[in-house]
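Visitor: I have a structure on the screen and want to learn how to read it. Where do we begin?

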Amino acid sequence: MLGFRRSRPRLTTALAVFGLLATGAAVQASIAAPAHAATTHRVLFDNGHAETAGNADWIVSTSQPDPLGQDSSPSSETDWTGALSSWGVALQKTGNYSLKTLPSGSSLSYGGSTTTDLSNFDTLVLPEPNTLFTTAEKTAIMTFVKNGGGLFMVSDHTGADRNNDGYDAVEVLNDLMTDNSVDSTDPFGFSIDSLSVSSDYPSAISDSSDAVLHGSFGTVTKSLIASGTTATLKPADNSSVKGLLYRTGYSGNTGAFFATSTFGSGRVAFWGDSSPIDDGTGQSGNTLYDGWNDTGATNAALALNATEWLVGASSGGDDGGGGGTCTAAQLLGNNGFESGATTWTASSDVITNSSGESARTGSYYAWLDGYGSARTDTLSQSVTIPSGCTTATLSFYLHVDTAETTTSTAYDTLKAQVLNSGGTVLSTLATYSNLNAASGYTQRSFSLASYAGQTVTVKFTGTEGSTLQTSFVLDDTALTVS
């Protein structure tokens, strides 16, 4: 099929808006992955999304952003005020953690200059957020995780709308995963169930190698549900998703009360209830429940081991992501272009579902050039390749058609390149031209293993001469590491 067109069909208004968001995401994605310090692991607890509304008190201390302002050397949970003070004090007492809180009224950001910007942390804890994250915040969170950060999501039962704004934690967290500019195609491989389970003691799976269940803070056997929910796992969407504790009578992909996953270079943990992290103490007037010290569960070990795993500090078991390790993963967001003009930075109308060319799979694809006039189109995405990965393979399917008749001169070209975060070309992987025209798609693959530990930009640049079109059509891209 010849791809000549005098003008490209425009994407819908919604997708055009997504294109603007993708530009911001790409700029933020160029920031280096969070550095895991040798002994100090940096954790940010969110209090910017109604975590203390109603009877909730999901803070480590009333001193914010720095809990050390309340007590610089806490020895017991009451030295800091908040229902999460036991969690915070336990981490502080190890001497290996630096804790901060995003204060109420503040917004999450990534790539800014504030002390609570996510670029300054290894892990973000979202303890039952009750207000929706803004578009910019969702981009910040997802880019932070993709670039190597840890994300700890704590939900509660459906209907737990503590500030009466129409949203509960189930809806807030599902919205984060399904409506963001980085990857909305089930990025973590699970969704949170709209359930209200009144009580249960979910049991841990049998896996002696798992670093969350068997970490330096103890062995996890059971957790606690005191009005909570579960998650449905979708390993077909993300093969790294793993249920660690299940509601009684459930296993496999349903009823997961605690689950872990990876996304890009980062790690993710999910917990279906806030009661297990509640230590029963907090600010006056709140009705709290001491799940942290519940003798029928091992909630403290679960919270602390999971935090250790998220920051990349655990030394054994399933040690994916960050800290010089590598979890097998596919790193490119929206890699088949099915989310339209998201995640990628592209020239106008490059990502399209136009009938002028055909996608290899799905409906959308990337179409560079094909105008028959002087034109340059670009398509790029920044990605961090974990330092512990020994293989990193960029692949994509390419179809070239042309109206050129020469068999010897490359009038129109497509370059596949790798750039650093400053925009300097590190390598030109290949140059294709009108001479590569052929029917159908051909897969092309290149090793990027030499860029392990770096944030790089994968960029395609199509340059067309002043007459006779050549179309460079891309689909089903991937950057797989192991």
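Guide: Begin with burial: buried means under 20% relative accessible area, exposed over 50%, and partly exposed in between, with a 1.4 Å probe and protein chains only. A nonpolar core is then a set of buried Ala, Val, Leu, Ile, Met, Phe, Trp, Tyr and Cys residues joined through side-chain atoms within 4.5 Å. One caution on the source: this is a predicted model, where local features need pLDDT of at least 70, side-chain atom pairs count only at pLDDT 80 or more, and totals for chains, interfaces and linings use all residues. Residues are numbered from 1 along each chain as its sequence is written, and side-chain values use heavy atoms, with hydrogens and water left out.

Visitor: Which residues touch the most other members of the largest nonpolar core?

Guide: In soluble globular proteins, nonpolar side chains tend to be buried together. Here the largest core has 38 residues, and Phe45, Trp87, Phe152, Phe258 and Trp271 touch the most other members. Helices (H or I, at least four residues) and strands (E, at least two) are DSSP runs, numbered from the N terminus. Elements giving two or more residues to this core include β1 (41-46), α2 (85-94), β13 (256-263) and α5 (299-310). Helix α5 gives the most, with seven residues. A second, separate core of 35 residues includes Leu331, Val350, Ile351 and Ala392.

Visitor: What does phenylalanine 45 touch?

Guide: Contact means heavy atoms within 4.5 Å. Leaving out residues up to four places away in sequence, phenylalanine 45 touches Val60, Leu84, Trp87, Leu99, Lys100, Thr101, Leu102 and Val125.

Visitor: How many residues does the chain have, and what share count as buried?

Guide: The chain has 482 residues, and 55% of them count as buried. It has five helices and 25 strands. Among contacts with a separation of 6 or more, 75% come from residues 24 or more positions apart.

Visitor: Why is helix α4 described as largely enclosed?

Guide: Count its buried residues. Eight of the ten residues of α4 (residues 169-178) are buried, so the rest of the structure largely encloses this helix. Among them are Val170, Leu173, Asn174, Asp175 and Met177. The buried residues of α4 pack against β3 (123-127), α3 (135-146), β4 and β5 (190-192). At the start of α4, a side-chain oxygen of aspartate 168 comes within 3.1 Å of the backbone nitrogen of valine 170.

Visitor: Now strands. Which strands pair with β20?

Guide: Strands of a sheet pair through backbone hydrogen bonds, either parallel or antiparallel. Two strands pair if DSSP finds at least two bridges between them. Strand β20 and strand β25 (residues 470-481) are antiparallel over ten bridges, with tyrosine 397 opposite aspartate 475. β20 also pairs with β23 in the antiparallel sense, over six bridges. There, leucine 398 stands opposite threonine 442. Ten of the eleven residues of β20 (residues 392-402) are buried, so this strand too is largely enclosed by the rest of the structure.

Visitor: In what order do the strands of the open sheet run?

Guide: Its five strands follow the order β16-β19-β24-β21-β22, with antiparallel pairing. The edge strands are β16 (345-346) and β22 (425-433), each pairing on one side only. Inside the sheet, β21 (residues 413-420) and β24 pair over eight bridges. Lysine 415 stands opposite threonine 461 in β24.

Visitor: Is asparagine 238 buried or exposed?

Guide: Buried, because its relative accessibility is 10%. Asparagine 238 sits in the loop between β11 (231-233) and β12 (242-246). A polar contact is a pair of N or O atoms within 3.5 Å; within protein, one must be able to donate a hydrogen and the other to accept it, and residues adjacent in sequence count only if both atoms are side-chain atoms. The asparagine 238 side chain makes one with the side chain of serine 240 (2.6 Å). That asparagine side chain also reaches the backbone oxygen of threonine 262 at 2.8 Å.

Visitor: And serine 450, buried or exposed?

Guide: Exposed, because its relative accessibility is 59%. Serine 450 lies in the loop between β23 (442-447) and β24 (455-464).

Visitor: What is the mean pLDDT of the chain?

Guide: pLDDT is the predictor's confidence in each residue, from 0 to 100. The chain's mean is 87, and 89% of its residues reach 70 or more. Over residues 1-39 the pLDDT is below 50, yet this stretch has 111 contacts in the model beyond near neighbours in sequence. Over residues 313-323 the pLDDT is also below 50.
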